[in-house]
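Here is a short briefing for a first look.

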Protein chains: 4
Amino acid sequence: MDDSLREAIFRGVEREPLARTLGMELVELAEGFSAVEMTYVPETMDNLFGRAHGGAIFSLIDEAFETVCQTCGGVTVALNVNVTYVASPESGARLRAEAREISSTKRTASYDIRVSDREGRLVATCQALAYRTGKPLPFL
Amino acid sequence: MDDSLREAIFRGVEREPLARTLGMELVELAEGFSAVEMTYVPETMDNLFGRAHGGAIFSLIDEAFETVCQTCGGVTVALNVNVTYVASPESGARLRAEAREISSTKRTASYDIRVSDREGRLVATCQALAYRTGKPLPFL
Amino acid sequence: MDDSLREAIFRGVEREPLARTLGMELVELAEGFSAVEMTYVPETMDNLFGRAHGGAIFSLIDEAFETVCQTCGGVTVALNVNVTYVASPESGARLRAEAREISSTKRTASYDIRVSDREGRLVATCQALAYRTGKPLPFL
Amino acid sequence: MDDSLREAIFRGVEREPLARTLGMELVELAEGFSAVEMTYVPETMDNLFGRAHGGAIFSLIDEAFETVCQTCGGVTVALNVNVTYVASPESGARLRAEAREISSTKRTASYDIRVSDREGRLVATCQALAYRTGKPLPFL
């Protein structure tokens with residue numbers, strides 16, 4: 001992945017609406033790898049039971065998915081995401097989602113994505129599948 | 001589902017942090033059925049490409065999942081969620097997620113959840129699996 | 001779906017190796033719909049616990065998936081399959097998998113597939129995603 | 001995992017009906033890890049297009065899932081399996097599925113399962129979720 005692509009994705013996430021809404025931050029990016037972090041803020045992210053809403057955890061997963069997908073340099077869109085919830089994070093926890101490319105063909109790519117807290121406790125695991133459109137990234 | 005349970009879930013969603021953050025609204029609830037709506041607001045929900053972020057769409061799905069799960073009257077938690085994205089919604093679209101119980105055993109329950117816009121265009125489909133803890137709902 | 005396509009798929013399944021190995025039979029086929037049946041034979045299909053092996057039940061699901069996919073008239077291949085097991089069938093049960101198209105775009109299609117026994121008891125549910133290659137069916 | 005459990009699972013697979021039907025062989029087993037192999041035999045495993053049927057590949061995945069699940073020493077049953085197909089194996093290929101435990105709680109466990117050929121080419125990836133019944137293994 002060349003530097004201009006890397007920079008463009010970092011800058012894109014800084015301006016990205018949902019990333020700003022939930023405080024998601026891209027922290028690492030390499031070809032086939034991405035790490036995104038978010039602090040679990042109960043006041044804006046809780047569910048009915050005072051635990052982290054699945055939608056908040058999933059958004060972090062999806063941000064890692066979206067960014068790792070683009071490291072190939074062309075627009076790649078989500079087809080399918082399968083999430084298994086393992087444990088609820090503690091209030092205020094800094095959560096980190098790491099996405100790794102598992103396979104890549106001309107048209108599709110699959111990823112393994114895991115969310116954990118600073119102590120390495122696993123929160124959720126994900127298997128994700130994307131479609132490569134072949135179009136160039138619009139923000140490059 | 002008795003009225004007090006129904007009212008408690010409606011009131012819970014009104015106060016629920018992530019539901020407020022994203023403007024999600026519970027609109028229908030019956031035993032084994034739930035419908036939740038949200039307006040897709042690009043300024044707070046977009047992704048890198050100016051389309052609705054998967055995390056925003058998923059949050060709506062998860063809200064329907066969470067609410068339908070509780071219609072059995074005991075705490076039921078998400079185990080696994082499988083989402084297939086079908087089409088991007090248009091800016092400002094009013095999105096509706098409908099969750100229907102497909103199966104229910106003593107310990108687990110599975111649901112079919114679909115997101116569509118007001119014109120009935122399908123945005124995403126989901127198969128979700130939950131675990132019944134057997135504990136009473138804390139907010140009843 | 002025209003008659004020659006329909007006949008070709010029926011004839012194809014009659015000769016299909018895995019369908020013969022497990023005794024799977026295509027029983028209904030229409031555009032976007034397929035039904036496949038199989039008798040659960042413990043002597044060839046059981047798992048370690050004397051119940052139907054997940055692989056046998058999944059094969060029936062996948063046969064419905066494979067046949068419904070082709071009703072569009074071009075080669076369509078499986079990308080992702082998500083199965084939730086609901087209940088174990090009884091020995092000797094006649095199992096039926098029904099696949100219905102949920103969405104279809106130029107490149108992908110998604111399906112809902114359910115397996116049940118003759119009494120209508122649900123055995124497994126499935127959400128499946130396929131990729132349309134655009135190539136004509138080779139056996140037409 | 002003690003030796004008697006390990007031996008019991010190996011012996012169980014040797015007698016297991018579907019494993020015999022498809023020629024699946026348990027080759028490695030440790031706490032939280034299992035490897036199962038199968039030769040892809042077109043004459044009994046092909047689909048409509050002369051490629052390996054998804055049901056055959058899935059059966060191998062499910063055998064790895066089933067065996068890794070029991071290494072905890074109690075009956076553990078499949079709840080959900082999510083499979084992404086990456087590439088078709090070549091005729092006669094020796095396929096190997098490796099299952100690794102990703103997380104484990106009192107009631108559930110999740111696994112990462114991958115199928116590849118002898119050259120290490122990835123055929124399919126899987127995320128699987130199981131429920132621990134708490135019952136002792138019947139064949140011990």
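How many bridges join β3(A) to strand β3 of chain B, and do the two run parallel or antiparallel? Five bridges join them, and the strands run antiparallel. This is a predicted model.

- The partner strand in chain B, β3, covers residues 74-85.
- Thr84(A) stands opposite Asn80(B), a residue of β3(B).

**The contact between chains A and B**
- Chain A brings 34 residues to this contact, and chain B brings 33 residues.
- On the side of chain A that touches chain B, at least two residues come from each of α1 (3-15), α2 (17-22), α3 (42-45), α4 (54-70) and β3 (74-85) of chain A.
- β3(A) gives the most to that side, with nine residues.
- By class, that side of chain A has 17 nonpolar, eleven polar and six charged residues.

**Helix α4 of chain B**
- This helix spans residues 54-70 and has 17 residues.
- From first C-alpha to last, α4(B) reaches 24 Å, close to the 24 Å expected at 1.5 Å a residue.
- α4(B) is mostly covered, with 17 of its 17 residues buried.

**The contact between chains B and C**
- Chain B and chain C supply ten residues each.
- On the side of chain B that touches chain C, β3, β4 (94-104) and β6 (122-136) of chain B each supply at least two residues.
- β6(B) gives the most to that side, with four residues.
- By class, that side of chain B has four nonpolar and six polar residues, and no charged residues.

Notes. Residues are numbered from 1 along each chain as its sequence is written. Chains are lettered from A and ligands numbered from 1 in the order in which they are written. This is a predicted model: local features need pLDDT of at least 70, side-chain atom pairs count only at pLDDT 80 or more; totals for chains, interfaces and linings use all residues. Two residues are in contact if their C-beta atoms, placed from the backbone, lie within 7 Å. Ala, Val, Leu, Ile, Met, Phe, Trp, Tyr, Cys and Pro count as nonpolar, Asp, Glu, Lys and Arg as charged, and the others, Gly among them, as polar. Two strands pair if DSSP finds at least two bridges between them. The expected span of a helix is 1.5 Å times one less than its number of residues. A residue is buried if 20 or more other C-beta atoms lie within 10 Å of its own, exposed if 12 or fewer, and partly exposed in between; C-beta atoms are placed from the backbone.
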